[in-house]
Amino acid sequence: MLEGNAERSVEATLGHLRTMDGPAPVQPPAAPLTLEDLYKQHRMRLVRLAILLVDEPATAEDVVQEAFTGLHRNWGRLRDAAAAVGYLRTAVVNGSRSVLRRRKTAREYVPPHAVNARSAESLAMLSSEHQAVVSALSKLPPRQREVLVLRYYGGLSEAEISEAAGISKGTVKSTASRALEALQKAMQAPQL
């Protein structure tokens, strides 16, 4: 029962952020997909995804820029231009993981402090319950946060999360379950 409450809270909060971003752009089928089109249409959504994973706007921008740079290097070898968005999403998740690993190493295995890097406008637009969810989300271990963000903010299926995060579908399910349970406990803990 507690897990259901946490899931509804996460879904409401990240779904609210997703709707604030607007629908994902759709490329007309007749027009050939270019790297410039991808950048214009998907950059901000990918930056927001990275911010939710790494908690720092500047770092998130760097992660997304690296993802686009990697796509540019491999553009000629891309077999299916429609797969480019999936490639970018996976590159952002992997780049975010690398950032978090470097942070952990730099801090000599001391857990990173929670940084609230969201803009004042976006945080002010969230209710106190939504703010509590975003705060609790930032305290989750990276993989659990990834799965919840990809599921509820990214709107991805278990199969898509599995592909983007490089884990099995079963791991996606169990990680989501553990994450929702931990989130529920974090939200019920008294705030200091």
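Reader: Let's start with Q144. Where is the place of Q144?

Author: Q144 sits in helix 7. Keep in mind that this is a predicted model.

Reader: Does Q144 count as buried or exposed?

Author: Buried: its relative accessibility is 12%, and the cut-off for buried is under 20%.

Reader: And leaving aside the neighbours within four places in sequence, what is Q144 in contact with?

Author: With T175, R178, A179 and A182, once the neighbours within four places in sequence are set aside. Take T175: it is 31 residues from Q144 along the chain, yet their C-alpha atoms are separated by 5.8 Å.

Reader: OK, so what about the helices there? At what angle do the axes of helix 7 and helix 9 cross?

Author: They cross at roughly 100°, and the axes come within 9 Å. Helix 7 and helix 9 are therefore roughly perpendicular to each other.

Reader: Which residues make that contact?

Author: Helix 7 brings R143, Q144, V147, L148, R151 and Y152, while helix 9 brings T171, V172, T175, A176, R178, A179, L180, A182 and L183. Sorted by class, the contact of helix 7 with helix 9 has 9 nonpolar, 3 polar and 3 charged residues.

Reader: Stepping back a bit, where is P141 found?

Author: P141 is in the loop between helix 6 (128–138) and helix 7. With 43% relative accessibility, P141 counts as partly exposed. Its C-alpha atom is 9.6 Å from that of A182, a residue 41 places away along the chain.

Reader: Switching topic: how do helix 2 and helix 7 cross?

Author: Their axes cross at roughly 145° and come within 9 Å. Helix 2 passes helix 7 in a right-handed crossing. On the helix 2 side the contact is made by R45, R48, L49, L52 and L53, and on the helix 7 side by R145, E146, V149, L150 and Y153.

Reader: How many of the residues in that contact of helix 2 with helix 7 are charged?

Author: There are 4 charged, along with 6 nonpolar and no polar residues.

Reader: And helix 2 with helix 4, at what angle do they pack?

Author: Helix 2 (residues 35–54) and helix 4 pack at about 30°, with their axes 10 Å apart. That makes helix 2 roughly parallel to helix 4, and the crossing is right-handed. From helix 2 the contact takes L38, H42, L46, L49, A50, L53 and V54, and from helix 4 it takes A84, V85, L88, R89, V92, V93, S96, V99, L100 and R103. In classes, the contact of helix 2 with helix 4 comes to 13 nonpolar, 2 polar and 2 charged residues.

Reader: Which residues of helix 8 are buried?

Author: In helix 8 (residues 158–165), the buried residues are I161, S162, A164 and A165. Among what covers them are helix 4 (84–106), helix 7 (142–153) and helix 9 (169–188).

Reader: Zooming out, how many helices and strands are there in the protein chain?

Author: The protein chain has 9 helices and 0 strands. Of its 192 residues, 40% count as buried. Looking at contacts between residues at least 6 apart in sequence, 73% join residues at least 24 apart.

How values were computed
Residues are numbered from 1 along each chain as its sequence is written. This is a predicted model: local features need pLDDT of at least 70, side-chain atom pairs count only at pLDDT 80 or more; totals for chains, interfaces and linings use all residues. Side-chain values use heavy atoms; hydrogens and water are left out. Buried means under 20% relative accessible area, exposed over 50%, partly exposed in between (1.4 Å probe, protein chains only). Helices (H or I, at least four residues) and strands (E, at least two) are DSSP runs, numbered from the N terminus. Contact means heavy atoms within 4.5 Å. Axes are lines fitted to C-alpha atoms, for helices over the stretch in contact, and angles run from 0 to 180 degrees between N-to-C directions. Angles under 35 degrees count as roughly parallel, over 145 as roughly antiparallel, 65 to 115 as roughly perpendicular and the rest as oblique. A crossing is left-handed if the near helix is turned anticlockwise from the far one by less than a right angle, and right-handed if clockwise. Ala, Val, Leu, Ile, Met, Phe, Trp, Tyr, Cys and Pro count as nonpolar, Asp, Glu, Lys and Arg as charged, and the others, Gly among them, as polar.
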